[in-house]
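I opened my notebook to look at how the inside of a protein is packed. Come along and look with me.

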Amino acid sequence: MEMHLICIMQKKNIAIFASGNGSNAGQIIKHFRESDVAEVALVVCNRAGAAVIDRSRALGVAVEVIDRAGINNPELMNGVFDRYGIDVVVLAGFLLMVPDFILERYHDNVLNIHPSLLPRFGGKGMYGRNVHQAVVEAGEKESGITVHLVTGRCDEGRILFQASVPLSPSDTADDVEQKVHELEYRHYPEVIEKWCGM
Ligand code: GRF
């Protein structure tokens, strides 16, 4: 008699944490519409009025707007995670530190993207435009992206993926930002998907 073994893998539920524009969040949401591995179940935003809120809702994803005090409240956040069945937390332009109880709950399932080639241009104050401005001022010949696991220390944690892009001496911070965004959109969703499938 022939035996058929059917393995049904449950899709993982991703929560994206974002604070601002959310162009990466939008790319990730769209990417996971086509995925068998995971889907975006929730966007958490700590800033009322941030563009990521409308952008995500327009793409059909639930959004919870939760301020800093709420994000740091274990009872509230664990309730949210349970309600949406969250398996993986993905930071995409999230400007607060992730509290320890979230890191303990999700261990190696909290990912971040940083818009430089860490450890260069990382650490406190190095976010958004500040990073690209510092890269231009240092006369760097390249910049790039780093996807890493999140720990309690800013921009540290195991690096999962890096990609670089050449810069020209005439590039402004705006130009660098645009080049780096292109890399982010191309790679971040796929790196997340690979990690979710492991
Ligand atoms: C991205 O460059 C990301 O690397 C950094 O913050 C920026 C967010 O941009 N962590 P957006 O909100 O996704 O447009």
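Before anything else I wrote down a definition: buried means under 20% relative accessible area, exposed means over 50%, and partly exposed is in between (1.4 Å probe, protein chains only). This is a predicted model, where local features need pLDDT of at least 70, side-chain atom pairs count only at pLDDT 80 or more, and totals for chains, interfaces and linings use all residues. Residues are numbered from 1 along each chain as its sequence is written, and side-chain values use heavy atoms, with hydrogens and water left out.

**Entry 1: an aromatic cluster**

I looked up phenylalanine 17 and found that it is buried, with a relative accessible area of 0%. Phenylalanine 81 also counts as buried, at 0% relative accessibility.

Next I checked the rings. Rings of Phe, Tyr and Trp (its six-membered ring) pair if their centres lie within 6.5 Å; planes under 30 degrees apart count as stacked, over 60 as edge-to-face and the rest as tilted. I found three aromatic pairs in the structure. Phenylalanine 17 and phenylalanine 81 are stacked, at 6.3 Å centre to centre with 15° between the planes. Phenylalanine 17 lies in strand 1 (residues 12–18) and phenylalanine 81 in helix 4 (residues 74–84), so this pair ties together parts 64 residues apart in sequence. For these labels, helices (H or I, at least four residues) and strands (E, at least two) are DSSP runs, numbered from the N terminus.

Phenylalanine 17 is buried, and so is phenylalanine 94. These two form an edge-to-face pair, 5.3 Å centre to centre and 80° between the planes. I noted that Phe17, Phe81, Phe94 and Tyr106 form one aromatic cluster.

**Entry 2: the nonpolar cores**

A nonpolar core is a set of buried Ala, Val, Leu, Ile, Met, Phe, Trp, Tyr and Cys residues joined through side-chain atoms within 4.5 Å. The largest one has 39 residues, and Ile16 is among those that touch the most other members. Helix 7 (residues 173–196) gives the largest share of this core, eight residues. A second, separate core of 22 residues includes Ile71 and Phe101.

**Entry 3: helix 6**

Which residues of helix 6 (residues 128–137) are buried? I found Val131, His132, Ala134 and Val135.
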